[in-house]
Amino acid sequence: MKKFFLSLLCLGLITMSCSNDDNDPVVEEEEIENPVEEETVEVDIEVQNFFWQTLNLYYFWQGDVPDLADDRFDTQTAYEEYLAENDDPVAFLENDLLFSEDRFTFYSDDYTDLVNSSAGISKSNGLQFGLGLISGTEDVFGFVEYVVKDSDASSKDIKRGDLFIGVDGQTLNIDNYIELLFGDNDTYTLNMADIVDGGISPSDKKVTLTKFEGLVEDPIHVNTVITSGDKKIGYLMYNQFVAGSEDAMNAVFADFIAQGVNELVLDLRYNPGGRGSTASVLASLIKGTNTNDLLYRTVYNAKLQAEFDSSLTDNYFVSTTGTTDGNSGAALNTLNLSKVYIIATEASASASELVMVGLEPYIDVVHIGGTTVGKNQGSVLFVDDPEGGNVYDADRVDNINPNVQWGLQPIISRVENSAGFSDYVDGLIPDIELPEDVTNLGVLGDANEPLLARAIQEINGNGAKRNFDVELPAEIVSSSKLHNPRNTTLLLNNSVPLAKIPVTEKK
């Protein structure tokens, strides 16, 4: 289905009548419809067709969107006319097809952008930052969370804890920060700031940064072992669940075992999510490799749920790194812990939350930090490949419709743990609440960094020995990661049934 032709018939109306004089016979002449012009409008409906067909079958809220109902159209012609009436694919998707409660479906007119994003590849200057509001104003300030290795920012005079309040001489505020920081400008200059008398004040320092295509971030940002009393504490900061990182994670845990680690602090404070299968590996490295233990279950819309058996909904703990995405299939170096300390904040989402929720029925999970995002839903990348069910497959890229290079990543499921718990759309509340302090962010992986120090204090059971008062809490309104919804994904590793329902059969 490529084009649909709408015929617009313009009619000229000619009315003839005779005198109203009673002495004259009245001759009534019929109204004549005089065709004046017929205009044919060509409407391309391929993208709209791809969106509708995909969401009609897979979308989690398909049954809640009237225009996605199976009986919405009586005939193929009615269906095509409906698509043609919506000539803007994005407006069609957002206004007609997406459910009002959907916060996380996203799309791109180039599916490769979504493929690269899930692999940790982006156009970036390598600066990861949070954004907050200056108290009592609508002005925005930024604080550096960390710098990606081998990025443009890593070669500049900027580091974790640095503050900025402007871009290219313009003060950041709630109305302009998106355009200035996330717009089309590949190069910008940050106007830096300092903490002065408990407030944020501009400084003379400026830092110019440039975004480059193809930056690959190592999701394992920090790993180290800390000795505290008789405790050997492994610390891992993991910043995205990237497929292909499982072997590297396994090597970190092998080192933990070699160094006699008996406690673990897992830092997911800046981790917005990623691959579900990678989450399964990380959870198994922590808890154990009993492949009969259910980690999480996926729940789909009524149509898909009726087709699925447990092999397509149940996800278990695993015993190897797997053999996909370049992994070796090595046996996991699990710590077999009964308790884990997880740092998670308002920037932690999706697969990060899944690890926490999935572990809770089996071991004690101590959550330190802040309330998480609350994404209990999973998605899959779809492309216009009807014979492949529209599910993206790297081995089938030659089968993607050359006229439709869009990628659509809709919510297709809800996830729940082995106890049936899935009610965390408002986020996971910490056991120990402690926001990051903009005036004292500390060094990631250092035992004195406040959130890690608080975890160590809890491990040692000496909760009264250090004061953790926060002078300026990092209450973020956005961040370099959260601004882009494609970062907060839970990419499902189960297959989904193929949608082989051609449009021509949609009667």
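Is arginine 269 buried or exposed? With a relative accessibility of 0%, arginine 269 counts as buried. The structure described in this report is a predicted model.

## A buried charged pair and the salt bridges

The side chain of arginine 269 meets that of aspartate 267 in a salt bridge, at 2.7 Å from N to O. Aspartate 267 is likewise buried, because its relative accessible area is 0%, under the 20% cut-off. The model holds 18 salt bridges in total.

One of these salt bridges is formed by aspartate 157 and lysine 205, whose closest N and O atoms are 3.3 Å apart. Aspartate 157 belongs to the loop between strand S6 (140-147) and S7, and lysine 205 to strand S10, so the pair ties together parts that are 48 residues apart in sequence. Aspartate 157 counts as exposed at 59% relative accessibility, whereas lysine 205 is partly exposed at 30%.

A further salt bridge brings together the side chains of glutamate 458 and arginine 454, at 3.0 Å from N to O. These two residues are four places apart in helix H10 (residues 450-460), which means that about one helical turn separates them. Residues three or four places apart in an α-helix point the same way, because the helix has 3.6 residues a turn. Glutamate 458 is partly exposed, with a relative accessible area of 33%, while arginine 454 counts as buried at 15%. Elsewhere, salt bridges with shared partners link Arg160, Asp267, Arg269, Glu436 and Glu449 into one network.

## Nonpolar cores

The largest nonpolar core has 39 residues, of which Leu236, Phe253, Phe256, Leu282, Ile286 and Leu359 touch the most other members. At least two residues of this core come from each of strand S12 (220-228), strand S13 (231-238), helix H6 (246-258), strand S14 (263-267), helix H7 (276-287), strand S16 (294-299), strand S18 (339-344) and helix H9 (351-359). Another core, of 38 residues, lies apart from the largest one and includes Ile45, Phe73, Leu97 and Val373. In soluble globular proteins, nonpolar side chains tend to be buried together.

Beyond four places away in sequence, phenylalanine 256 touches Thr224, Val225, Gly234, Tyr235, Leu236, Val261, Leu264 and Leu335. Helix H9 is largely enclosed by the rest of the structure, because nine of its nine residues are buried. Among the buried residues of H9 are Ser352, Glu353 and Gly358, along with Leu354 and Leu359.

## Strands and their pairing

Six strands make up an open sheet of mixed pairing, in the order S12-S13-S14-S18-S19-S23. At its edges are S12 and strand S23 (432-433), each of which pairs on one side only. Within this sheet, S14 and S18 run parallel and are joined by three bridges. Valine 265 has tyrosine 341 in S18 as its bridge partner.

Antiparallel pairing is found around strand S9 (residues 187-196), which pairs with strand S7 (residues 163-167) over four bridges. Here leucine 163 has alanine 193 in S9 as its bridge partner. S9 is also joined by nine bridges to strand S10 (residues 199-210), again in the antiparallel sense, and asparagine 191 is partnered by lysine 206 in S10. S9 and S10 form a hairpin with two residues between them, and aspartate 197 in the turn has a positive phi of about 50°.

## Two buried glutamates

Glutamate 217 occupies the loop between strand S11 (212-216) and S12. Although buried, glutamate 217 has no salt bridge, and the nearest side chain of opposite charge, lysine 481, is 4.2 Å away. A salt bridge requires the nitrogen and oxygen to be within 4 Å. The side chain of glutamate 217 does make a polar contact of 2.5 Å with that of tyrosine 146. Leaving aside neighbours within four places in sequence, the residues in contact with glutamate 217 are Gly120, Gln128, Tyr146, Val148, Asn239 and Lys481.

Glutamate 46 is part of helix H1 (residues 46-58) and counts as buried at 7% relative accessibility. The side chains of glutamate 46 and asparagine 403 are joined by a polar contact of 3.5 Å.

## A partly exposed loop residue

Serine 310 lies in the loop between helix H8 (302-307) and strand S17 (314-316). At 46% relative accessibility, this serine counts as partly exposed. Serine 310 is 13 residues from arginine 297 in sequence, and their C-alpha atoms are 8.7 Å apart in space.

Note on methods:
Residues are numbered from 1 along each chain as its sequence is written. This is a predicted model: local features need pLDDT of at least 70, side-chain atom pairs count only at pLDDT 80 or more; totals for chains, interfaces and linings use all residues. Side-chain values use heavy atoms; hydrogens and water are left out. Buried means under 20% relative accessible area, exposed over 50%, partly exposed in between (1.4 Å probe, protein chains only). A polar contact is a pair of N or O atoms within 3.5 Å; within protein, one must be able to donate a hydrogen and the other to accept it, and residues adjacent in sequence count only if both atoms are side-chain atoms. A nonpolar core is a set of buried Ala, Val, Leu, Ile, Met, Phe, Trp, Tyr and Cys residues joined through side-chain atoms within 4.5 Å. Contact means heavy atoms within 4.5 Å. Lys and Arg count as positive and Asp and Glu as negative; His and the chain ends are not counted. Two strands pair if DSSP finds at least two bridges between them.
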